[in-house]
Amino acid sequence: MPLFLLFTVEMWERFSYYGMRALLIFYLTKQWIDGGLALDPQSANLIYGLFTGLVYFTPLIGGWIADNYIGQRKSISIGAFLMMMGQFALASSQSFFALYLGLTLLILGNGFFKPNISVLVGQLYEHDRSKLDSAFTIFYMGINLGALFAPLVTGFLAMKYNYNVGFFSAGIGLLIGQIIYHSFSKKLLGDIGTKPKEK
């Protein structure tokens with residue numbers, strides 16, 4: 001059961017992330033009247049590239065903070081909250097301020113969230129390493145499941161309504177994941193990840 005809790009939380013986080021990424025380049029390049037920001041393709045690709053690059057960089061910092069100061073569990077909560085606020089910022093208005101605020105919060109939140117939930121999976125089986133490969137296989141199925149359905153849902157909502165609704169649905173995905181996480185983590189995970197690593 002603890003593994004399936006982390007599976008579910010990660011699935012909803014990946015739903016949020018890939019749902020947003022499926023919309024981002026279209027949102028940047030579509031004309032203003034069509035709900036976009038009317039950027040030229042070169043500028044849009046630059047923003048998209050910087051965003052994805054920083055998303056891969058910040059987990060180095062978030063993992064270090066968790067290991068040395070606050071523990072994985074708190075880092076996951078902080079990260080999910082920041083990412084949720086980032087999605088809601090993107091959904092709040094069709095503007096460059098909302099764009100840059102939203103992307104910044106997503107970058108920071110991902111740094112706290114992404115490395116630490118994987119560490120929790122490893123900690124579940126630190127006394128039974130024989131099950132570790134199977135556990136991560138199941139965990140990665142959650143990633144793939146979230147990534148599969150995310151563009152379908154957010155893309156449909158963006159086409160039927162507008163991009164802001166698509167981003168909002170990505171934020172709701174994170175909210176669902178965190179409600180589940182906070183409802184069951186204490187019971188299912190015990191003290192795992194609550195403290196920084198002992199030096």
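Trainee: Which residues line the largest cavity, and which helix gives the most to the lining?

Mentor: In this predicted model, the largest cavity is lined by E13, S16, Y17, F51, V55, M83, Q87, L106, N110 and L174. The helices α1, α2, α3 and α4 each supply at least two residues of this lining. The helix that gives the most, with 3 residues, is α1.

Trainee: F51 and V55 line the cavity. Which residues make the contact between α2 and α4?

Mentor: Helix α2 spans residues 41-70 and helix α4 residues 96-124. On the side of α2, the contact is made by I47, F51, L54, V55, T58, P59, G62, G63, I65, A66 and I70. On the side of α4, the residues are L99, Y100, L103, L106, I107, N110, G111, F112, K114, P115 and N116.

Trainee: How are α2 and α4 oriented to each other, and what is the hand of their crossing?

Mentor: The two helices pack at an angle of about 45°, with their axes 6 Å apart. At that angle, α2 and α4 are therefore oblique to each other. Their contact has 15 nonpolar, 6 polar and 1 charged residues. As for the hand, α2 passes α4 in a crossing that is right-handed.

Trainee: Why is α1 described as roughly antiparallel to α4, and what is the hand of their crossing?

Mentor: The angle between α1 and α4 is about 155°, and their axes lie 11 Å apart. Angles over 145 degrees count as roughly antiparallel, and that makes α1 roughly antiparallel to α4. The crossing of these two helices is left-handed.

Trainee: Which residues meet where α1 packs on α4, and how do they divide by class?

Mentor: From α1 come P2, L3, L6, V9, E10, E13, R14, M20, L24, Y27 and L28. They meet L99, L103, L106, N110, F113, K114, I117, L120, V121 and L124 in α4. E13, L106 and N110, which take part in this contact, also line the largest cavity. By class, the residues of the contact divide into 16 nonpolar, 1 polar and 4 charged.

Trainee: How are α3 and α6 oriented, and what is the hand of their crossing?

Mentor: Helix α3 (residues 72-92) and helix α6 (residues 163-189) pack at an angle of about 160°, with their axes 7 Å apart. That makes α3 roughly antiparallel to α6. Their contact has 15 nonpolar, 8 polar and 2 charged residues. The crossing in which α3 passes α6 is left-handed.

Trainee: Which residues line the largest pocket, and which elements give two or more residues to its lining?

Mentor: The lining of the largest pocket consists of A22, L23, F26, K30, D34, G35, G155, A158, M159, Y161, N162 and Y163. These residues divide into 7 nonpolar, 3 polar and 2 charged. The volume of the largest pocket is about 160 Å³. The elements that give two or more residues to its lining are α1 (2-29) and α5 (132-160).

Terms used: Residues numbered from 1 in each chain as written. Predicted model: local features only at pLDDT ≥ 70, side-chain atom pairs only at ≥ 80, totals over all residues. Heavy atoms only, no water. Axes fitted to C-alpha atoms, helices over the stretch in contact; angles between N-to-C directions. Helix = DSSP H or I, 4+ residues; strand = E, 2+ residues; numbered from the N terminus. Parallel < 35°, antiparallel > 145°, perpendicular 65-115°, else oblique. Left-handed = near helix turned anticlockwise from the far one by under 90°. Contact = heavy atoms within 4.5 Å. Nonpolar A, V, L, I, M, F, W, Y, C, P; charged D, E, K, R; others polar. 1 Å grid on protein atoms, 1.4 Å probe; cavity = no way out; pocket = protein on both sides within 12 Å on 5 of 7 lines; lining within 4 Å. Points joined across faces, edges and corners; volume = space filled by probe spheres on them.
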